[in-house]
Amino acid sequence: MDGIKISIENLNLYFGKQHVLKNIDAQIPTNKITVIMGPSGCGKTTLMKSLNRLTDLNPDAHVSGSIFIDGEDILQTKDDITLIRKKMGLLAQRPYPLPMSIYNNIAYGLRISGRRKKKVLDRRVEHYLRQVSLWEEVKDRLKEPAGRLSIGQQQRLCLARGLAVGPEIILADEPTSALDPISSQAIEAQFNILKKNYTIVLVTHILRQARRLADHVIFMYLGEVIEQGSAAQVFENPQQEMTKSYLKGMFY
Amino acid sequence: MKWKPKNAEEGFFRVLMFFSTVIIVVALLMIIISILYKGLPALSWAMISQVPAGGFYFGREGGILNAIVGSLYLAGGATLLATLIGLPLALYINVHLVCHKRLVNGIRFVLDLLWGIPSIVYGAFGFAIMSYFGIRVSLLAGIITVALLIVPIMVRAMDEALKVVPHGLLESSLSLGSTRAETAYRVFFRQCLPGLSTAVLLSFGRAIGDAASILFTAGFTDYIPTSLNQPTATLPLAIFFQLSSPIPQVQERAYASAVVLVFIILVVSILARIMSNRYQKNKINF
């Protein structure tokens, strides 16, 4: 299908005997912000982590079904898993900067991809720091450890670090939940710019944030996709009773 | 304040903790003071700059340079060997096996068992291996035996540092397209450098202080070894042999040797602290 970046078909995921994701069918459109929303424990984060196969880390996790990214089923592929992961940048609930300098946090991803020339690295580091509007704040202290930045700056650094690997998709798991309002705004503003070139998947439980950012919405409840569609459709004219009551704030 | 069972309980444990602390501090001070008291008079420049001359063990000239250098060689070599085995193992169980909880707990249990085995048993084991392969009592045999002794200690100490790395850092690193090995050696290694360096120096302290494991494996000699095939003297055994002597001057020298050993361990501990603070720089405080 044209304009669809990720297509999830009949995805089931178990942790041991616990059925966490149930028959998920979902489409994620190219270069748009897709918001996965739903109450806590409904499987939003798990769904997102299965997209770059971080679920592999859990030996109890058992996955069946298909996830097509650009038409290729990443659950069946023989490609190296690191190549699939490089296609996606991950922004976690709280920033996890690497234990090295600000500069090396960005250069790390470039170096492991084989780019080692100092000139190239310098240029790229500046480029990605500018892209997340962090350059002006850190340009004089690139050699300082990343841990000295504020949490909000760290989260933007993590975004820049993810972008530096050259992904096509950004996976964001409640990326503003640990941030102050101003840093949250900065991240949201970045997303609106980045969606021109990247497919963004945003997990959030903040309904207002979902309304502000979403182009496309997937609403989940207890491991199932209840409703999905364009933001206008889901927010203005929800078809399911459950979606309606969630949007009214009747349960979290 | 009214008398309540809760207050009595609080009071009881406070007194208990206070006296436990006092007992430990006093015991430590007494050990150090008694060694210094008995050892310092016998400690001289000759003592730490010469190898034993003829008649040293009857109270004549000479020193314990053979044991000082031998101990440093032995503990240094064993620590190096143990690090080459221990660091990859510690990283492996915390990065590659991080989600195989049962397996990792099994490995930790085995390491704890090994930690608990008395060092004389390691000595006997090393001796058995040596006779099997036909290796003579030597520095090399001592290094291998002591390395076996300290690997569990080192790995568990490294493990304690590595296992508190948050899962999110592992996921972040993997999401950037790192392999597990890159994650281990470039990310976890840096994050835990203070803890890892402390583990290495802690193991060194254990290696230099052990007597039983080297009794049959490293032997004893009056000379400084010039190759791995030669036997070597060590400070713990120098203390042991001199203390068993009936001659008072020689017994005094045993305490002087103990002063030297304690001093080396003290220096290493201080170095461990300094290094751990220095490598703290890049660590992220999650």
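How many bridges join E6(A) to strand E7 of chain A, and do these strands run parallel or antiparallel?

## Model and numbering

This is a predicted model, in which local features need pLDDT of at least 70 and side-chain atom pairs count only at pLDDT 80 or more, while totals for chains, interfaces and linings use all residues. Residues are numbered from 1 along each chain as its sequence is written, and chains are lettered from A and ligands numbered from 1 in the order in which they are written.

## The sheet of chain A

E6(A) and strand E7 (residues 169-173) of chain A are joined by 4 bridges and run parallel; strands here are DSSP runs of E with at least two residues, helices are runs of H or I with at least four, and both are numbered from the N terminus. Within this pair, Leu91(A) stands opposite Ala172(A) in E7(A).

Both strands belong to an open sheet of 6 strands in chain A, whose order is E6-E7-E8-E3-E9-E10 with mixed pairing, where two strands pair if DSSP finds at least two bridges between them. Its edge strands, each pairing on one side only, are E6 (88-91) and E10 (224-230) of chain A.

## Where chain B meets chain A

In this model, 26 residues of chain A are in contact with 22 residues of chain B, contact meaning that the C-beta atoms of two residues, placed from the backbone, lie within 7 Å. On the side of chain B that touches chain A, helix H7 (167-175) and helix H8 (180-191) of chain B each supply at least two residues, and H7(B) gives the most, with 6 residues.
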